[in-house]
Amino acid sequence: MFDLTGKIALVTGAASGIGEAIAKTLAEAGAFVYVADLDETNGERVVSEIGADKSQFLKLNVAEKEECQKTAEMVLGEKGKLDILVNNAGIGHVGTLLQTNEEDLDRLYAVNVRGIFSLTKAFLPSMVERNYGVIINTASIGGILAVRDRLAYCTTKFAVVGFTKSIALDHALQGIRCNAICPGRVETPFVKARLAEYPDPKKAYEEMASTQAIGRMGKPEEIAAAVLYLSSDEAAFVTGTALEIEGGWAAGK
Ligand SMILES: NC(=O)c1ccc[n+]([C@@H]2O[C@H](COP(=O)([O-])OP(=O)(O)OC[C@H]3O[C@@H](n4cnc5c(N)ncnc54)[C@H](O)[C@@H]3O)[C@@H](O)[C@H]2O)c1
């Protein structure tokens, strides 16, 4: 089960945290993985840890439409197909509406929403042509429920869930499956950056850990395991979902 031998995958934001774990997990299951990220140093590190025979770094800013288009041309020219697209790159911001300005919203929207839009748009025609494609978008529990002090972030992550369901519905009869994953708090450099924005980071860490019913943050590998399932043909009947992987966060208050 969950064998990805012969599959070609691309993971954005794969130089760190959740994306790094996803890239490693998909490669371990047999896929060739493009490690796409802005961060060249860590991207190359991830490739060297996976093995250059099973992965390749691609420098990509998902907020740049032309870069997304060129990436698709390059991958399709090199491998002839893309089976699995994981739109994982994302950025965050702490603040209510009163602490969020238009520039903050635009910055998050450009990466978290328009980045997914542009890269998916670049690859989708080739997937439709082959009648096969798996698209997985990293949303967040903040794409299902509001999270205090995360106005811009939640706004963009709710949009990721809407985008995911629209793609799933529009292309279900063309061999495309599109799902979102909605992690709770996961210990990554992303969360460390948010913690540093609080006056008392230690207290903020404890509060963040306690939002999960099971009382701790998640590990990147626990998110990657869900992506492996959704990527595999065992999930052939799963599309349009927003899968919560959040330690019981949304189970109740
Ligand atoms: N860590 C969490 O608690 C958590 C929870 C829910 C959802 N998420 C989501 O998971 C995803 C990954 O988060 P993480 O915690 O692993 O973050 P991270 O900061 O550890 O890694 C994000 C990676 O994305 C890359 N990136 C940022 N902007 C980019 C761009 N424009 N183009 C290409 N690459 C870009 C960064 O260079 C970095 O390598 C994000 O979408 C985030 O919103 C994270």
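**Strands, crossovers and the ligand shell**

User: In S2, which residue is the bridge partner of Ala9?
Analyst: This is a predicted model, in which local features need pLDDT of at least 70 and side-chain atom pairs count only at pLDDT 80 or more, while totals for chains, interfaces and linings use all residues. Residues are numbered from 1 along each chain as its sequence is written. Strand S1 (residues 8–12) and strand S2 (residues 32–37) run parallel and are joined by five bridges, where two strands pair if DSSP finds at least two bridges between them, and where helices (H or I, at least four residues) and strands (E, at least two) are DSSP runs numbered from the N terminus. Within S2, the bridge partner of Ala9 is Val33.

User: Which handedness does the unit made by S1, H1 and S2 have?
Analyst: A crossover is called right-handed if, with the strands pointing away from the viewer, the path from the first strand over the helix to the second runs clockwise. The β-α-β unit of S1, H1 and S2 is right-handed. The chain then crosses from S2 through helix H2 (residues 40–50) to S3, and the handedness of this β-α-β crossover is also given as right-handed.

User: Why is S2 described as largely enclosed?
Analyst: A residue is buried if 20 or more other C-beta atoms lie within 10 Å of its own, exposed if 12 or fewer, and partly exposed in between, with C-beta atoms placed from the backbone. On one side of S2 the buried residues are Phe32, Tyr34 and Ala36, and on the other they are Val33, Val35 and Asp37. S2 is largely enclosed by the rest of the structure because the number of its residues that are buried is six of six.

User: Which residue in S3 does Ala36 stand opposite?
Analyst: S2 and strand S3 (residues 55–59) pair in the parallel sense, over five bridges. Along this pairing, the residue in S3 that stands opposite Ala36 is Leu58.

User: How many residues of H1 are buried?
Analyst: H1 has 12 residues and reaches 17 Å from its first C-alpha to its last, close to the 16 Å expected at 1.5 Å a residue, the expected span being 1.5 Å times one less than the number of residues. Among its buried residues are Gly17, Glu20, Lys24 and Leu26. H1 is largely enclosed by the rest of the structure, so the count of its buried residues is 11 of the 12.

User: Which elements give two or more residues to the shell around the ligand?
Analyst: A residue counts as near a molecule if its C-beta atom, placed from the backbone, lies within 6 Å of it. Of the 30 residues around the ligand, Gly13, Gly17, Gly90, Thr188 and Phe190 come nearest. The elements that give two or more residues to this shell are helix H1 (17–28) and helix H7 (189–195).

User: Which residue in S6 does Ile135 stand opposite?
Analyst: Strand S5 (residues 133–138) pairs with strand S4 (residues 84–87) in the parallel sense over four bridges, and Val134 is the bridge partner of Ile84 there. S5 is also joined by six bridges to strand S6 (residues 176–183), and the two run parallel. The residue in S6 that stands opposite Ile135 is Cys178.

User: Is Tyr132 buried, exposed or partly exposed?
Analyst: Tyr132 is found in the loop between helix H5 (114–130) and S5. The number of other C-beta atoms within 10 Å of Tyr132 is 17, which means that this residue is partly exposed.
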